[in-house]
Amino acid sequence: MATFLYKLGRLAFRRRHFVALIWVALLTLAGVGAASAPAAGSTSFSIPGVEAQKAFDLLEQRFPGASADGGTGRIVFKAPEGQKMTDADNKATVEKTVRELGDGAEVVSVTDPFTTNAVSKDGTVAYTSVTYDAPGMELKDSTRDALEAAADEAQATGLTVDVGGDALQAAAEPGAIGEVIGLAIAAVVLVLTLGSLVAAGLPLLTAIIGVGIGVATITALANALDLGDTTSTLALMIGLAVGIDYALFIVSRYRGELADGRDGEEAAGRATGTAGSAVVFAGLTVVIALAGLSVVGVPMLTKMGLAAAGTVVVAVLIALTMIPALLGYAGRKVRPVGEKRKRRGGEESEAPERSETPEKSQAQAKPGMGTRWASFVIRRPVAVLLLGVVGLGAIAVPATQLELGLPDDGSQPTSTTQRRAYDLLSEGFGPGFNGPLMIVVDAKESDDPKAAATTVTDGIKGLKDVVTVTPAAFNKAGDTATITVIPDSKPSSVQTEDLVHAIRDQGTDVKADTGARVLVTGTTAMNIDFSQKLTDALVPYLALVVGLAFALLIVIFRSILVPLKAALGFLLSVLAALGAVVAVFQWGWLGGLLGVEETGPIMSMMPIFMVGVVFGLAMDYEVFLVTRMREAYVHGESPSQAIVTGFRHSARVVAAAAVIMMAVFGGFISSSESMIKMIGFGLAIAVFFDAFVVRMAIVPAVLALLGKKAWWLPKWLDRALPNVDVEGEALRTHDADGPDGPKDQDEDRELVRV
């Protein structure tokens, strides 16, 4: 591996014009494809296998043209103080609004609140429901505009009017402000870390090109593959973060090779052969974690995971080819500004004197923070290990109270019309009105469908937490009926979830007695089923991803305990991150500081999403940090000294990479969308815990306690595993056979600290 990448890096350095032209051509091609491709709406949302989805599918068959999965909108009216909605003027306004909405192009039906009993008991609140023939996220902008315009016109008469429902649920945008904030912080961190504007600019440039190719390709294929607008969000976040990090590691290693006195082409080759090998395997762990989302069985998550994995592959290829090519253009301009001034002023020679031993040069240099920290951990491994584990364990405690759900209008900021409509309905009709349940009675195999429907209706009325049960409405064939149930609790409550399960349990008895099948569906039931499906898939997904990555890490490190320690450390960091998410978004701790206006259940996909993304990124830091320790150990250093060497060469860059990732993810906390805000915070805090607590503290403490045992591998397994040579041992042989002879063997140790 190292030899192949070494040759690839040298080739890209020499043929820099050709390599740069290829990537620019690919970016142009992807951009043209994205611009010329037909526009695509949001990807269709379905959850194969769950009861709510089966009910939707059944309704499509038995009630053709009813648009069971169509979007809905609600306009809620409230009369001025001292008036009622049944007053003549107010009633006329509502009826005019109903007529105007009925003329919409995508409208299937509009209800009149005065004929459907949609007026509150005190007469102050009324609502009209609009049903569309397309899912809410796929409605045309003109349809949404017409809905809002009708509400504005009604409000102009003096009524309080707000709009709710999923008809206003446009596809979530990535958030340009978050991207700009993340890139700005990343640029500052790169300049401070590398001390050179040229060196700092290379990772940013290549990351933007890689993300541009990835997102443009997704856009070009969106219509053909039904990817939708939301698919590119994860690809953008992950691609930008790993693109900067991978390029940073290779640029940093290149500067170290220059400091050892190698020429530009040789330095680029060795940087690609060593740091590039780590990039390949780190990228592979991220790809495994993202592509593994396919096992969940939710098409939307599968597409998001595969699209993001493809963007990571592009980021790896760019780091291995375009970075060496750009280094050919930059040459020695990537050196820190202070170093350049010293060299121009003659205060330092071009390279350390060969007569000096590496030990002498290192002793003369002032130990960096990474060296001092590693030395401290080696002296106090038990204390550091206990502090890290206990600290993360304490932060993880709130995760034991984790409640899962999907955001509804009740989780929107109070400044939005959706939230105001939600509150008005709760005020006038009760909180359960915002999440009605649809009961589908499939009586095709029943001897008496009407009697079966009556049995279901009477049974539901006897359950607790039920406010209203509507009479059964049959299809033309008379073999299928729908019943609407209004719960007493809000849609995201535990009580409503218990009611759904109670109705389904009762349906088992109905099936046995009448032959009719009872299915519960609707948005609320779909959210409950979605949460349960993700929960059930978490353990198999975790086993698959961790198992594959564990096998990969055994190949990389040629050790059993190092990969085991890496996996356990990841579990600790992701549990702590989930605990922090629960504390902020479910309990409200520091909610005001982060702009969390409404607490509630944690988004259903958050645990499995964090496991996938954070695992890949955590293994990045593990590979980059520990491969340098492995390299030093293989080259003859003691286990303790190898830890110090790994930190001396990698800690600063790993810390910078983590801060950059935190900046990219943290930029999305400013989003007004609660889902995007939660994802941004969760990923940012997980990276912090994993990089600075697990990898920087717990990992060296464990390795110090294990000593040589950390690198133990059974001989039979050692013989069976392929030798991927991540530490670049083959390049040392290349040095010995090169024109400078055996004396170059000591050049593997960087004498000038980056």
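In this predicted model, Asp-442 is buried, with a relative accessible area of 10%, which falls under the 20% limit used for that word. Its side chain forms a salt bridge with Arg-517, and the closest N and O atoms of the two are 3.1 Å apart. Because Asp-442 belongs to strand S6 (residues 437-442) and Arg-517 to strand S10 (residues 517-521), the pair ties together parts that are 75 residues apart in sequence. Arg-517, at 33% relative accessibility, counts as partly exposed.

| Pair | N to O distance | Relative accessible area |
|---|---|---|
| Asp-442 and Arg-517 | 3.1 Å | Asp-442 10%, Arg-517 33% |
| Arg-420 and Asp-162 | 2.9 Å | Arg-420 35%, Asp-162 4% |
| Glu-257 and Arg-253 | 3.1 Å | Glu-257 1%, Arg-253 5% |

The side chains of Arg-420 and Asp-162 meet in a salt bridge, and since Arg-420 lies in helix H15 (residues 417-429) while Asp-162 lies in strand S4, this pair ties together parts that are 258 residues apart in sequence. Arg-420 is partly exposed, whereas Asp-162 is buried.

Glu-257 and Arg-253, which also form a salt bridge, are 4 residues apart in helix H8 (residues 231-259), and are therefore separated by about one helical turn. Glu-257 counts as buried, and Arg-253 is buried as well. Both belong to a network of salt bridges that also links Asp-260, Arg-262, Arg-270, Arg-628 and Glu-631.

Strand S4, which holds Asp-162, is part of an open sheet in which 4 strands follow the order S2-S3-S1-S4 with antiparallel pairing. Strand S2 (107-110) and strand S4 (160-164) stand at the edges with a single partner strand each, so one side of each is left without a neighbour in the sheet. From one strand to the next, the twist averages 20°. Strand S1 (residues 72-78) is joined to the antiparallel S4 by 5 bridges, and the bridge partner of Phe-77 in S4 is Val-161. Helix H4 (residues 88-102) packs on the sheet, where it touches S1, S2 and strand S3 (125-132), and its direction makes about 160° with that of S2. Helix H5 (residues 141-155), in turn, lies across S1, S3 and S4 and runs at about 165° to S4.

Finally, Phe-18, Ile-22, Leu-26 and Leu-29 make a nonpolar surface patch of about 400 Å². Phe-18 is found in helix H2 (residues 16-36), and at 54% relative accessibility it counts as exposed.

Key. Residues are numbered from 1 along each chain as its sequence is written. This is a predicted model: local features need pLDDT of at least 70, side-chain atom pairs count only at pLDDT 80 or more; totals for chains, interfaces and linings use all residues. Side-chain values use heavy atoms; hydrogens and water are left out. Two strands pair if DSSP finds at least two bridges between them. Helices (H or I, at least four residues) and strands (E, at least two) are DSSP runs, numbered from the N terminus. Axes are lines fitted to C-alpha atoms, for helices over the stretch in contact, and angles run from 0 to 180 degrees between N-to-C directions. Contact means heavy atoms within 4.5 Å. Patches are made of residues with over 30% relative accessible area and no salt bridge: like charges are joined within 9 Å, nonpolar side chains (Val, Leu, Ile, Met, Phe, Trp, Tyr) within 5 Å. Accessible areas come from the Shrake-Rupley method with a 1.4 Å probe; for residues, only the protein chains shown count as cover. Buried means under 20% relative accessible area, exposed over 50%, partly exposed in between (1.4 Å probe, protein chains only).
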